[in-house]
Amino acid sequence: MLFDDNQHQNLDRIMRASLARLTLGISPTSVMLTYLDWLSSMALSPGTQAHLLQKALKKQLRLFSWVSHSAFDPNATPCIEPLPQDRRFKDPSWRYYPYNVLYQSFLLQQQWWNNATTNLPGLSAHHEQALEFGARQWLDVLSPSNYLLTNPVVLKKTFFSGGANLVQGVQHCCEDLQNHFLGKPPVGTDAYVVGQEVANTLGKVVYRNHLMELIQYTPTTQNVHAMPILIVPAWIMKYYILDLSPHNSLVRYLVDHGHSVFMISWHNPTPEDRNIGMDDYRQQGILTSLNVIAHIVPHQKIHAVGYCLGGTLLAITAAAMARQEDDRLASITLLAAQTDFRDAGELMLFIDDKQLAFLEDLMWAQGVLDTKQMSGVFQLLRSNDLIWSRIVNEYLLGIRQPVNDLMAWNTDATRMPYRMHSEYLRNLFLNNDLAEGRLWVDGRPVALSDIEVPIFCVGTEWDHVAPWRSTYRLNLLSDAPEITFLLTSGGHNAGIISPPHLSKRHYRMGTALEGDSYIDPDTWLERMPLKQGSWWDAWQMWLAKRSGDLVQPPEVGSETYPPLDDAPGSYVRQNEFGVCHQENFKAPKIIFH
């Protein structure tokens, strides 16, 4: 058989893509190289081997001593405590024999494996992080809290309910398997219908192209601030995380505080969109939206807000606009958005040359990165909370966790186009081109130091996607006249959704003016006072001071951009199969102005 120059490469890619479907996109070669690096480094470190053996013996003697003591004193101090975020062994039932021995032994083993996979001479930093993560995943699988016979909480519930919890758990498991294979949404999420319970802030779609719909929200106050707001969500998620139930909606909060708000709602790509790139999102998304808003609200600058990946693209767009002396932006707000990917969190565990090549072959074959492949990675990052705790609660204890609006939104996943996702992972995550001045836009590299408008940057304390110290690096990259950095409680999603009515929320905030000396993140954390409450109020006040006088609300739409549809529009209703959630829905016509 003879191959031309491309056929043999396509055959290779098809083979790798087929394998990637079985491994959820994780490269076996990358995993193997990680463990080989660890084994070879360990083999050449006899001192470390002896040290680990010594630690293992000490831990066993410590456990034996504690078991002997606790047999006569049930209140004996444990020889090891779980980490603060580990809630698996909080129940008092774990303090009684033999379950106390099981969980103490497990925690000591977990600690030993952490010692064995970190600080090993000669082991690369990337492989060390990947190895520690992989060991943690296996240990999570083996945790005694996950099994009927080793979990005292489950055994107690089984005894007192006569096994009814296990019957209920089997029913829950069957329901979930049926929904999974039939492509139905998870149980409980049907209580939150887009456009009814969530994403129900009044507004109109005033523009639509193949890539996005632009929503203009109806004012609810007699007067509004003169300068409008454009919100750019990430296309890795549905936009309505910022417009959940009315009491949790950032959009509604802004509208009720007298702001004219516009929102981009991204099209959920299909395999036919495989060649859409990041620059298409910049031009057909952000720049086109700015053009439309400038027509509807003329002679006013625009506050631009970007969330997650949308914030990264907004920073790129703002830098390119500044270079071209385009002064339409009044300010930039970045919500949990990274601009320097040097320390981009645990997602970097899945980013190296071999892993990206493997993933690119999968996306090349599919045209998109599928929703299940996307969600699987994020579940692994928080396997205790998103996988094992759910198995224990729903299948062993028989308790369905009540679904809230944020959880329902989290199941409404989107796809990523092949070309765009490849560019995003390779240029930003792997090569860090934006921070290092190698990201080209319109034939020239962009520099964040060109941005000359105020910046408000929000990080969250427990963010596993965009760690706050990574988002803080913007202070090293930008020469903006002022950069206000705010650190709020919560994670990547729950930290951003922080309405004022929620209790136990707090934040820190500080502003660096042009010419101020740089403060490292740890020093900043020590210096900034802790404030109780929602960060929304602080940000809204910051925006209001920079939004001009109060004026009559603008008309929704215009003669050139008449309303096309009621909010939330049609694109947000496209599910993982590329069709609308509602029955008898007719796809909208795309109108080009």
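**Stop 1: the whole chain**

Start with everything shown as a cartoon. This is a predicted model. Colour by secondary structure: the chain holds 19 helices and 17 strands. Its radius of gyration is 26 Å, close to the 25 Å that the globule rule gives for 593 residues, so the chain is as compact as a globular protein of that length. The C-alpha atoms then fill a box of roughly 80 × 65 × 60 Å. Now colour by accessibility. Of the 593 residues, 50% count as buried.

**Stop 2: salt bridges**

Side chains of opposite charge can pair when their charged atoms come close. How many salt bridges does the count come to? The total is 28.

Select Asp-343 and Arg-473. They form a salt bridge, with the closest N and O atoms 2.7 Å apart. Asp-343 sits in the loop between S7 and helix H11 (353-366), while Arg-473 sits in the loop between helix H16 (468-471) and helix H17 (474-477), so this pair ties together parts that are 130 residues apart in sequence. Asp-343 is partly exposed, at 42% relative accessibility. Arg-473 is buried, with a relative accessible area of 16%.

Next, select Asp-340 and Arg-342. This salt bridge has its closest N and O atoms 3.7 Å apart. Is Asp-340 buried or exposed? Asp-340 counts as buried, because its relative accessibility is 2% and the cut-off for buried is under 20%.

Move on to Asp-433 and Arg-438. Here the closest N and O atoms of the salt bridge are 2.9 Å apart. Asp-433 is buried, with a relative accessible area of 8%. Arg-438 is partly exposed, at 39% relative accessibility.

Now select Glu-175, Asp-176, Arg-390, Glu-394 and Arg-400 together. Salt bridges with shared partners join these residues into one network.

**Stop 3: a negative patch**

Switch to a surface and colour by charge. Select Glu-325, Asp-327, Glu-452, Asp-479 and Glu-514. They gather on the surface in a patch of negative charge. Pick out Asp-327 from this group. It lies in the loop between helix H10 (309-323) and strand S7 (329-335). Is Asp-327 buried or exposed? Asp-327 counts as exposed, since its relative accessibility is 53% and exposed means over 50%.

**Stop 4: a nonpolar patch**

Keep the surface on. Which residues make the nonpolar patch of about 350 Å²? Select Met-32, Leu-33, Leu-36 and Leu-39 to see it. Leu-39 is partly exposed, with a relative accessible area of 47%.

**Stop 5**

Hide the surface. Select Pro-246. Its place is in the loop between strand S4 (229-232) and helix H8 (250-256). Pro-246 is partly exposed, at 37% relative accessibility. How far apart are the C-alpha atoms of Pro-246 and Arg-87? They are separated by 31 Å, and the two residues are 159 residues apart along the chain.

Definitions and conventions:
Residues are numbered from 1 along each chain as its sequence is written. This is a predicted model: local features need pLDDT of at least 70, side-chain atom pairs count only at pLDDT 80 or more; totals for chains, interfaces and linings use all residues. Side-chain values use heavy atoms; hydrogens and water are left out. Patches are made of residues with over 30% relative accessible area and no salt bridge: like charges are joined within 9 Å, nonpolar side chains (Val, Leu, Ile, Met, Phe, Trp, Tyr) within 5 Å. Accessible areas come from the Shrake-Rupley method with a 1.4 Å probe; for residues, only the protein chains shown count as cover. A salt bridge is a side-chain nitrogen of Lys or Arg within 4 Å of a carboxyl oxygen of Asp or Glu. Lys and Arg count as positive and Asp and Glu as negative; His and the chain ends are not counted. The place of a charge is taken as NZ of Lys, CZ of Arg, CG of Asp or CD of Glu. Helices (H or I, at least four residues) and strands (E, at least two) are DSSP runs, numbered from the N terminus. Buried means under 20% relative accessible area, exposed over 50%, partly exposed in between (1.4 Å probe, protein chains only). The radius of gyration is taken over C-alpha atoms; the globule rule is 2.2 Å times the number of residues to the power 0.38.
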